[in-house]
Amino acid sequence: MAGVRVYELAKDLGISSGQLMSTLKDMGVEVSSHASSLDAATADLVKEMLASEKAPAVSVKTVEIGPGVSVRELAEGLGAGPADVQRKLVELGVLASINQEIGADVAQKVAEQYGYAVKVTHKREHKEERTLRPQPKQKHGPRTIMRPPVVTIMGHIDHGKTTLLDTIRKTNVTEQEFGGITQHIGAYQVDVNGRKITFLDTPGHEAFTAMRARGASVTDIAVLVVAADDSVMPTTIEAIDHARAANVPIIVAINKIDKDNANVERTKQQLAEQDLVPEEWGGETITVSISAKQGTGIEELLEMILLVAEMAELKGEASGAVQGSIIEAKLDRGKGPVATALINKGTLKVGLPVLAGQAYGKIKAMLDDKGQRVTKAGPATPVEILGLSTVPLAGDQIISVSDEKEARLIAEARIQESRSDRMAASQRVTLEDLYRQIREGSVKDLNVILKADVQGSLEAVRQSMEQLATDEVRVRMIHTGVGAISESDILLASASNAIVMGFNVKVHPEAQRAAELEKIEVRVYQVIYELLNDVRAAMVGMLEPVFEEIELGKAEVRRIFKLPGGGKIAGCYVTEGKVLRGSEMRVRRGQEVVYTGKLDSLKHIKEDAREMAAGYECGIMADGFNDFQEGDIIESYSQKQVARAL
Ligand code: GDP
């Protein structure tokens, strides 16, 4: 249908897509997504409506600004909070820090929303209207800013990931004032109409998952490239599973639409089969048709990335302690260890002592993705850093520390630790381990990666496994596929705490090596019921333990003795069975239970006793309870864990 997309119209109107969608809803127009098309009549109607709504807001109040005004200055001029102005800017598609200057046209749009007109003076001063309220002083907390999204490009080999990364880089980076010298540092940032996007430029999900296996989750959005002249391939599905396991939203780029044999509809159909139903079909997946080679659709793709980022409200703290991830590192003959860091929190600065995995040091110099020296880098800005003692690993966390000595001590301790116990440093995923983690209550899903020889057996095993699930423990298939167990399966398992199971398949030698390195258990079976038995056993370990109560005895409180320190001893008479020191106890007052806890102290005529039988008198105390009353009944009992069966 010809028309205008929601996000395009929103941009025209200077409001966020979200605002526009809610306006449309108020008008009774149903739209399913930001990418939905509106017909011209509806678009005109919205414009009219918004214009009439806005009209009364245009007032005589004016604010004078220079050609460039900082967010803070504008906020002061408008008598509004800077954070509020920033929010309005974000709605206009502008990400700006408080001290950043914004153009007069943008300032104008923001001012309008506060009922002000803007007068641009060419002197760098602005007068405030007498109607302006004085601003209370801003409180200082960690400064939160909207940060650029970090994007990873995934997809099957030859579907065009590298070409897409190159095209985006060429069309959005080279015209920089720095003359377009670009260098490969593992990530780059592009500028899309004043807003930034950070791309990790190692395409493919292996790098993504390897980082995650090290505990680094830097990616905010995954762009899945699928060639329209080919089809959804096993690696495409793998990439989808990897992104899903990491909870990262997926935007699909249907590539190579310039080719004669491109079939976008067929590609969409295949994506829908993977539960990536395109928005235009009523689903929730944003799909953009592109030609990475010819540059078609790239702008729209970038817009969509920003849209998803806007909805995710990615925030970063520009101040405070620095924390980030190493995304690439190498030893350079001339420069020594160089590493690319992507900052998550805080601002990395030259001279700052840092710790990154087993490496430490003071930042000697930093270079951005254009090869320019920079002195600081805020959230989501990739920078290459010099000055580390050794080469860290991709995925290592980089943090700022108080001084270099502290950094060295921690780094040395880490080196020692990894030498003495390599296993401890990495994650271990075995059936037994899962069993233990479940018992500790930290896991409730049995995450499985399942590979089988043929589709038929894969389905059979999968279904039988899923049938083992109970209300308490779910079997979560992180990824299933036909074929040998690959290195990528192992990385995914490591990143998502899953076990890898194979049915009638081989394990690739690289996978074997990776499994040893990552300490991932790989189990291969030839007989279904053996596989199911093992899964069942692991799940039984996952069930909440059930405790059975074994009653030991009862005692009645007959007198209360006050101790000099304020404590109370319940003088009791054992009426049934035995009461035991250290057992569980319950204090009943009539129908009510007033305390449950441990029976901490048991005395018989001032002497400590282990147990007291019926017919005897004793003194009972509990550390957590000092409110005994005459007539209370104390029950002593023990708990026994009962094995659970599925
Ligand atoms: P990757 O393996 O996913 O990184 O794929 P590449 O970017 O290396 O692309 C594989 C091949 O497809 C190369 O020969 C590219 O020139 C070609 N290719 C990539 N994008 C397009 C496109 O949009 N149209 C056409 N016709 N070819 C493309």
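Predicted model: local features only at pLDDT ≥ 70, side-chain atom pairs only at ≥ 80, totals over all residues.

**Entry 1: a sheet**

I began with strands β16 (residues 336–345) and β23 (residues 382–386), which pair in the antiparallel sense over five bridges. A reminder to myself: strands of a sheet pair through backbone hydrogen bonds, either parallel or antiparallel.

Next I zoomed out to see where this pair belongs. It sits in an open sheet of eight strands, with antiparallel pairing and the order β19-β18-β24-β15-β16-β23-β20-β21. Which strands stand at the edges? They are β19 (359–362) and β21 (373–374); each has a single partner strand, so one side of each is left without a neighbour in the sheet.

**Entry 2: around the ligand**

Then I went to the ligand. How many residues surround it? I got 15, and the closest are Asp158, Lys161, Thr162, Thr163 and Asp258. Sorted by class, that shell has two nonpolar, seven polar and six charged residues. Helix α7 (residues 161–173) gives the largest share of the shell, three residues.

I also checked some distances to oxygen atoms of the ligand. An N or O atom in the side chain of Thr162 is 2.4 Å from one. For Gly160, a polar backbone atom is 3.0 Å from an oxygen atom of the ligand. For Asn255, I noted a polar side-chain atom, 3.0 Å from a ligand oxygen. Taken alone, the ligand exposes 580 Å², and the protein buries 76% of that.

**Entry 3: aromatic rings**

My last stop was the aromatic side chains. With ring centres required to lie within 6.5 Å, the count comes to three aromatic pairs. I looked at Tyr595 and Phe625 in detail: their ring centres are 4.9 Å apart and their planes are at 15°, so I put the pair down as stacked, given that planes under 30 degrees apart count that way.

Where in the chain do these two lie? Tyr595 is in strand β32 (residues 592–598), while Phe625 is in the loop between β36 (617–621) and β37 (633–642), so the pair ties together parts that are 30 residues apart in sequence. Are Tyr595 and Phe625 buried or exposed? Both are buried. One more ring goes on the page: Phe628 forms one aromatic cluster with Tyr595 and Phe625.

Conventions
Residues numbered from 1 in each chain as written. Heavy atoms only, no water. Phe/Tyr/Trp six-rings, centres within 6.5 Å; stacked < 30°, edge-to-face > 60°. Helix = DSSP H or I, 4+ residues; strand = E, 2+ residues; numbered from the N terminus. Buried < 20%, exposed > 50% of the residue type's maximum accessible area, 1.4 Å probe, protein only. Near = heavy atom within 4 Å. Polar contact = N/O pair within 3.5 Å; in protein donor to acceptor, adjacent residues only side chain to side chain. Areas by Shrake-Rupley, 256 points an atom, 1.4 Å probe, with all protein chains shown as cover. Nonpolar A, V, L, I, M, F, W, Y, C, P; charged D, E, K, R; others polar. Pairing = 2+ DSSP bridges.
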